[in-house]
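Student: I'd like to go through this model with you piece by piece. Could we begin once it is on the screen?

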Amino acid sequence: MNLVEVAFGILGTTALRLDGAFEEEWANPKPKAMLAALLLRPGHALSGETLLRWVWAEGQRLPKRTVATLDTYATRIRRLLDRLPIPAELRGSSGTYRLETDRSYIDYVRFRELTLAARAHARDGDPAMAARLTADALRLCRGRPLADLRSDRATEWRDRFERDELIPAHAEHLSALLELGRAQDVLVRLDDLQSDHPTNLRLYKLRMLTLRTLERDHDLTEYYLAVRKQLVHEGDDPAAGHLTRYYQELVTDKFGATTPPAVRLEYRPRQLPHDVPDFIGRADVLAALDAASVTADDHPRRGVVVLEGMPGVGKTALSVHWGHRVRSRFPDGDLFVDLNGFSRDPAATHAAVVDDLLVALGEEPTATASFRSREVTLRRVLADRYTLVILDNARNSAQVRALLPLLADCLVVITSRQSLDHLSASYGVRRIRVGPMSTEESTRLLTAHLGDDGDPRPRQELARLCGGLPLVITVVGQHIADFRVLDSTGSAERPDPRGLLLQLGHTGDGDTSPQAIFTFSYQALPPAAQRLFRLMGLHPGRDFSVAVARACGGQGDAVTRDSLAVLTGAHLLERSDTHDRYRFHDLIRECALRLAHIDETPAARRAAERRLLSYYLCSASAADRVLYPNNAQPPPLEVEPAVAPRAFHNQDETRAWMSIERGNLGAAVLFAARSGHNEFAWRLPHAICTFYERHGHHDECRVARETAVTAARTCADEEAEASSMADLGKTYIALGRLDDARRCLDHALRYCTRVEFDFGAAVTLYHLGRLEVLRGATRAGIALFERCLALVHGTRHEVVGWALLSLGEALRVEGEPTEALLHLRQAEQLAIDNADRSAHATCLAGIAAVRRELGEFGEAAAYCEKALATAEEARDLNAVATVCAALADIERACGHDGRAEAFALRAVTLAEQFRNVPLHAQALTVLGSVFRLQGRAAHAQRAWTEACHLFEQLGDRPQVTAIQTMLRHLPLDG
């Protein structure tokens with residue numbers, strides 16, 4: 001491992017490996033600071049507010065438009081990510097930003113990996129490798145960490161990193177050199193290190209040890225006395241006392257003893273089961289166990305450590321492997337007891353465990369001895385000894401509580417599926433959570449079982465299905481032939497692969513299937529928690545809120561929260577990152593679903609499904625009314641019994657809920673259709689898809705609306721089908737599928753005409769007009785807009801405003817600026833009256849475009865600036881992209897090519913991200929013109945060529961011809 005492999009650097013100025021070189025001067029300080037903040041938490045979404053606190057120091061002037069400023073920086077960063085040697089993507093959505101990349105290519109992450117590995121080698125008696133790895137880690141430090149960040153948060157992070165990671169890495173490196181006999185080198189290096197960190201206690205001790213190793217005892221005593229005097233003078237008596245004890249250990253030759261002088265046990269049990277051959281992964285948990293099991297002086301620690309995690313996650317194998325690694329730290333032996341907390345066999349009793357431990361220690365209990373005397377014997381035998389005791393598979397705190405006083409002089413490692421919360425208060429338990437393995441670790445483990453057939457993709461997919469659970473991976477490895485036979489059935493009868501995984505291992509030799517393992521935990525639950533567990537298996541999404549669980553179970557808040565706490569404690573559920581939300585592991589959710597079909601009647605399951613869907617439909621409808629009060633609402637369904645839908649008090653709260661529940665709402669649509677609840681399946685898209693549209697989720701919108709059409713047709717509800725078809729047509733327009741859009745809109749128009757539904761016909765005509773304009777048939781579009789307005793004349797519905805807006809834009813294209821302005825002004829007033837900021841922003845952009853056509857560039861820019869602020873307030877990213885494209889065109893016309901490029905790139909990025917084909921084509925056209933103005937002909941050619949392909953997809957021949965003409969006149973040698 002070395003610096004060449006690192007693609008991102010934050011241990012110094014923010015650096016990128018661009019085209020093979022590690023570049024530090026790739027941007028101005030603020031974009032570099034923004035990237036550094038994102039690299040601290042790769043894969044996590046950071047809000048604009050959070051980034052402000054990282055990037056801007058106290059007292060620095062904040063930008064007027066946070067989102068626009070950060071989007072500009074993000075655009076600059078994205079342009080460089082393609083030049084990296086690894087995949088990396090900077091995503092932005094709803095004012096948040098997330099960097100997706102492989103963490104191991106960040107120098108800070110690599111630093112931690114190297115130091116952890118070095119520590120493991122040092123403890124395994126390999127100082128040469130420890131020295132090499134720490135040297136590699138320290139070479140990654142190019143200067144002051146987070147050098148481009150001046151904020152208080154960055155300063156706190158730097159201080160913590162230097163204290164908890166950098167200095168310990170230096171100390172680890174020097175300790176390894178000391179073991180290699182290079183004490184003189186250590187002394188020289190300490191001179192430089194202590195000049196930077198003059199008050200670090202660990203470095204004081206390291207210098208004293210080095211002087212003792214060099215047998216410079218006089219220098220050692222003088223140094224100790226000087227440092228101790230300084231500490232006392234500064235009032236740091238605890239540090240002075242600690243240093244005194246350390247000095248006394250050195251000069252009396254006690255340093256390095258693994259235990260205090262004591263009579264050793266003659267009988268040293270070695271009870272650990274066989275280690276897992278070629279153990280894979282888990283470096284983080286092994287390091288946590290190491291840290292929890294030693295003192296600051298690296299002596300074995302007494303106490304209790306709990307390894308907790310879901311069934312099948314590998315707690316036992318992990319504890320045994322770790323025990324084998326550190327056996328040398330426990331010269332008085334190791335003990336292992338299976339408590340049978342979750343199995344077919346009876347759970348081990350306290351008396352049985354005491355007797356087993358006595359036998360293992362060579363103290364055969366006599367038949368006449370009382371149980372209390374046997375406890376006393378066990379306590380006496382283990383007194384003042386350094387023994388490792390692993391208590392495996394504890395059912396709960398009660399099963400081990402009485403044992404712990406008898407093991408007070410040991411290090412006790414307990415593994416359990418339960419969170420043993422009740423032990424923490426009494427015994428100061430250190431708890432370590434064992435999570436699923438990473439995909440890379442899972443694939444390696446599966447390959448170890450199956451062998452390497454050359455093509456990693458099938459193994460990666462199978463490992464992904466196993467969900468990072470070593471137990472499931474091992475069962476698959478043992479029964480892969482059965483899995484392949486079951487998984488190769490015809491497509492019509494092909495079972496769900498996760499269902500197959502749960503069944504593997506159910507043989508005549510016993511049931512070791514994952515389903516059986518998970519079911520043991522389920523059977524240990526109280527009845528209310530069992531019921532909620534299996535009913536939540538019906539939930540279509542992976543994570544859910546307390547309110548959803550309450551609706552699904554049909555119980556009150558207190559009962560629901562108590563059951564969720566029980567399930568979380570049993571690691572059958574885990575808390576999500578968001579407050580009051582929970583999530584399933586995929587395989588445990590599949591197990592819960594199977595149990596719902598075993599332990600619940602069809603009527604009970606159907607009632608729970610309806611309660612779930614009722615909660616989501618009623619809550620989403622309420623959210624839609626708050627965010628878009630002018631939207632038409634479908635006929636409501638009555639709220640199911642025991643369901644309390646979410647109520648909303650303001651738009652920010654509502655928007656946040658829709659963002660969090662977006663995945664569940666889309667999944668609920670598909671679930672409703674699949675389960676035969678079609679009355680929900682067509683209504684839900686009406687409640688959620690305006691939000692999807694405004695935030696650019698056009699593919700999710702398409703799936704929901706296609707499902708709505710099918711569901712409405714199944715219900716034989718012609719009005720619902722026509723309405724859903726019209727909505728689907730809108731989505732197809734955004735995706736550039738204009739033929740499909742026309743088919744849907746024509747169907748809706750025929751229905752509205754037949755039943756004389758003028759409002760529905762007007763909405764459909766409006767979208768048909770948009771379609772014609774996108775195809776370049778502007779006059780045909782104008783005629784359709786006029787027909788739309790004639791049908792809704794005299795009303796103030798929002799479709800009137802949008803039709804006036806589109807009519808104004810079409811008249812501008814046709815060279816009628818006066819008429820265009822008239823209609824745009826009317827549309828603007830309606831948008832203001834209806835409090836529709838998205839429509840208002842688009843109207844302002846349209847007025848700006850007319851002013852630009854008239855050569856009034858100053859007024860045009862002012863309108864666009866106001867439009868951008870309005871669109872950002874509305875958090876309508878489609879509107880933001882539309883305005884940015886207009887602003888880019890105006891800035892280009894004014895000769896401000898730098899600003900024009902920034903706005904054009906932002907428009908292209910947003911349109912591409914949200915797959916808005918018409919807007920993407922328009923933004924690329926403007927971007928190409930900006931590049932042409934800058935003399936960057938090759939860039940202009942790429943942008944215009946891509947725009948031309950998109951206009952061809954839309955069928956807009958005039959635009960295709962215009963761009964082809966521009967391409968022919970482009971001087972490519974310019």
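Predicted model: local features only at pLDDT ≥ 70, side-chain atom pairs only at ≥ 80, totals over all residues.

Student: OK, where is Thr 415 placed?
Tutor: Thr 415 belongs to strand β10, which covers residues 411-416.

Student: Is Thr 415 buried or exposed?
Tutor: Thr 415 has a relative accessible area of 1%, and because buried means under 20%, Thr 415 counts as buried.

Student: And what does its side chain do in there?
Tutor: The side chain of Thr 415 makes a polar contact of 2.4 Å with the side chain of Asp 392, and a polar atom of the Thr 415 side chain also lies 2.8 Å from the backbone nitrogen of Asn 393. Leaving aside neighbours within four places in sequence, the residues in contact with Thr 415 include Leu 307, Lys 315, Thr 316 and Ser 319, as well as Asp 392 and Asn 393.

Student: Which way do the residues of β10 point?
Tutor: Leu 411, Val 413 and Thr 415 point one way, while Val 412, Ile 414 and Ser 416 point the other way, and all are buried. In a regular strand, side chains alternate between the two faces of the sheet. Six of the six residues of β10 are buried, so the strand is largely enclosed by the rest of the structure.

Student: Which strands pair with β10?
Tutor: Strand β7 (residues 303-308) pairs with β10 in the parallel sense over six bridges, with Gly 303 opposite Leu 411. Strand β9 (residues 388-394) also pairs with β10 in the parallel sense, over five bridges, and there Ala 394 stands opposite Ser 416.

Student: Switching topic, what is the strand order in the sheet with β4, β5 and β6?
Tutor: The order is β4-β6-β5, in an open sheet of three strands with antiparallel pairing. Strands β4 (46-47) and β5 (88-93) are at the edges with a single partner strand each, so one side of each has no neighbour in the sheet.

Student: And what packs on that sheet?
Tutor: Helix α1 (residues 29-40) packs on the sheet and touches β4, β5 and β6, with its direction making about 65° with that of β6. As for the strands themselves, β5 and β6 (residues 96-101) pair over six bridges in the antiparallel sense, and Gly 92 stands opposite Tyr 97 in β6.

Student: What does Cys 788 touch?
Tutor: Not counting residues up to four places away in sequence, Cys 788 touches Ala 762, Leu 765, Tyr 766, Val 799 and Ala 803.

Student: Last one: what about phi at Leu 146 and Arg 875?
Tutor: Most residues other than glycine have a negative phi. Leu 146, however, has a positive phi near 50°, and Arg 875 has a positive phi of about 55°.

Methods. Residues numbered from 1 in each chain as written. Heavy atoms only, no water. Contact = heavy atoms within 4.5 Å. Helix = DSSP H or I, 4+ residues; strand = E, 2+ residues; numbered from the N terminus. Buried < 20%, exposed > 50% of the residue type's maximum accessible area, 1.4 Å probe, protein only. Polar contact = N/O pair within 3.5 Å; in protein donor to acceptor, adjacent residues only side chain to side chain. Pairing = 2+ DSSP bridges. Axes fitted to C-alpha atoms, helices over the stretch in contact; angles between N-to-C directions.
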